[in-house]
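I opened my notebook to look up a few things, one entry at a time. Have the structure at hand and follow along with me.

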Amino acid sequence: MSAPHSPPRVLPGLGLGLGYALVYLSLIVLIPLGALILKSSELGLHGILDIATGERALAALRVTFGASLAAAAINGVFGLIVAWMLVRYDFPGKRLVDSLVDLPFALPTAVAGITLATLYAGNGWIGRWLEPLGLKVAYTPLGIVVALTFIGLPFVVRTLQPVIEDIEPEVEEAAATLGASRWQTFVRILFPAIFPALLTGFSLAFARALGEYGSVIFIAGNLPLVSEITPLLIISKLEQYDLLGATALAVVMLAISFVLLLAINLLQWWAANRHRGSVVEGARP
Amino acid sequence: MSRFNQFLSGLLLATAATLAQAEVSLLNVSYDVARDVYKDYNPLFQKFWKAKTGEEVTLKQSHGGSTKQVRAVADGLEADVVTMNQANDVEFLAEKGLVAKDWNRKFPNNASPYTSAMVFIVRKGNPKSIRDWGDLAKDGVQVILPHPKNTGNGRNSYLSAWAWALKQPGGSDQGAQAFVGRLLKNAPLFAAGGRDATTTFMQRRIGDVLLTFECEAELIAREFGKGEFEVVYPSLTLQTEFPVALVDKVVDKKGTRKLAQAYLDYLWSPEGQENAARNYLRPRSAELLKKYAAQFPAVKTFTVDDVFGGPAKAFATHFKDGGSFDQIYVSK
């Protein structure tokens, strides 16, 4: 854009579109986040780190990031299976199952949390079968993972579906005629094509899980050092009229999330390029 | 306060401004579970005000978590009056200059028109024979309560247990902290709020005893049936107050001071007091307390002022970061 002799663009409206996109992004994302960072800067870096490295805060960060990663990983595996089923196979009630996937989007998270806690409690429909096996879910960190898996599922499935749809069944047939085993077809042909989208779905589910509060507090048990999530500590600060402390925790979460998401994006970029590179290589005579 | 707060309050102001357009109207910003009390109270006051001045008055209610509500008021929500369940929340508004510094002397009874008490709810037949606070710290007893640091309800239970231990022969602050620590070890979880604790105890059948307000027991009976549980009154418990205050800044700006004053004064009228009693809140009027004696058994209570030197001090000692609650968990 800054080049003096940029060639005329085929599509009109770049200036207007870019301006609109920037203003919109600033209004919706950058200004609130900027205000948050500005507010927390009243504490100084030292003050922020002091708050974030307290014993309870560290434990909460571990629980929050650990449970979010675990939930996103579970969704990565099982969301892929669900998406694959929904795209590649026809079965009665497929439409219904397909729309079920969106429910976690629509359900108020508090409702989800209360429902899950009721199901997984010792006398709940699921909990009563798990508890004799020595598996406690409700009111343990495991419960947090369950809630976060629930809310994260649609992100993975909905990201993967269009990508899987784009893979022609002929590609698999071609691989088979060239003598590839089923496992080889999956590892060499299908997975590389799906992987970037899977990473996107994973990072969306992960990011969503990090900020989740409503569903988690009803199933977590909220015991200090055991099952407290960082958003609960933020609420705890607000209950002490300590807006500054709350912003400090929020900024720390934001910074860690940003680093992790950036890393995932880089990985995705690498995966996409590697894939493209190999296709070009393979196309050479 | 800061630009960030002003930015947020702008949004709230916009909503409040649209609410405040009717001629004579009053906004009562209140805590979460006060819905029923004020739903019944407002028509009583409207009738009284009509008879006295001939004016029709529109009464609006806003309910939510107590601390969130006062934050909204501090950020610009135009409440004429606040009716809260924690003195600290009104104190917060006083610090911001919205409410008079001596707000608790502006009305009788520490500006709290009715009270409640912290009680135990146990399973039918009281199988673990839970009679007093001491029983809650015994091995094998599971205690359900809302988060003791983050919720008003949980804080009240925490202070009750502390005060009981303090008043035992040879009681000291250290002993009380150790006792409360043992009691909290018996909590398998900290519920998100009062109603969540009730669901956990009654519906999911977790725990042997639920700590809650006396007035909640009646709601539990309505929801789950009277025969399902028993109420146990401990030997000593906290008398919880529900402070009310005029928001000076708002009533002066809107010119509603007289109306707002009358709205709060009327809470102490026989009709207002009886309304509280009907909602299972202990009225201040001795006469009505006698009339409703069946629903309010005599119980030995203390106030936060008696034992903890006032709500602000109690809050700073126990619930601020690094306070006694945090010490129980972190200093190990």
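**Entry: a loop in chain A**

I began in the loop between α11 (216-220) and α12 of chain A, where I found A:N222. This is a predicted model, so I keep in mind that local features are taken up only at pLDDT of at least 70. I looked up the backbone angle of A:N222: phi is positive, about 55°, although the residue is not a glycine. I noted that most residues other than glycine have a negative phi. Is A:N222 buried or exposed? A:N222 is buried, with a relative accessible area of 1%.

**Entry: a loop in chain B**

Next I turned to B:R205, which sits in the loop between α9 and β7 (209-213) of chain B. B:R205 is not a glycine either, and its phi is positive, near 60°. I then checked its accessibility: B:R205 is at 41%, so I wrote it down as partly exposed, since that class lies between 20% and 50%.

Which residues of helix α16 (residues 311-318) of chain B are buried? I found B:A314, B:F315 and B:H318. Looking down the axis of α16(B), I saw the buried residues fall within an arc of 100°, so they line one face of the helix. I then followed what they pack against. In chain B the partners are α4 (87-95), α7 (152-166), α15 (304-308) and α17 (324-330), and from chain A there is α12 (230-239).

**Entry: where the two chains meet**

That partner from chain A sent me to the interface. How many residues of chain B are in contact with chain A? I noted 35 residues of chain B, in contact with 28 residues of chain A. The two chains bury about 2800 Å² between them, and 56% of that is on carbon and sulfur atoms.

I looked for charged pairs next, and the rule finds two salt bridges across the interface of chain B and chain A. One of them joins the side chains of B:D321 and A:K237, at 2.2 Å from N to O.

Which elements of chain B supply at least two residues each to the side that touches chain A? My list reads α1 (3-19), α3 (66-74), α4, β6 (190-191), α9 (194-202) and α17. Last, I sorted the residues on that side of chain B: 16 are nonpolar, eight are polar and eleven are charged.

Key: Residues numbered from 1 in each chain as written. Chains lettered and ligands numbered in written order. Predicted model: local features only at pLDDT ≥ 70, side-chain atom pairs only at ≥ 80, totals over all residues. Heavy atoms only, no water. Buried < 20%, exposed > 50% of the residue type's maximum accessible area, 1.4 Å probe, protein only. Helix = DSSP H or I, 4+ residues; strand = E, 2+ residues; numbered from the N terminus. Arc of directions from axis to C-beta. Contact = heavy atoms within 4.5 Å. Buried area = accessible area lost by both parts, 1.4 Å probe. Salt bridge = Lys/Arg side-chain N within 4 Å of Asp/Glu carboxyl O. Nonpolar A, V, L, I, M, F, W, Y, C, P; charged D, E, K, R; others polar.
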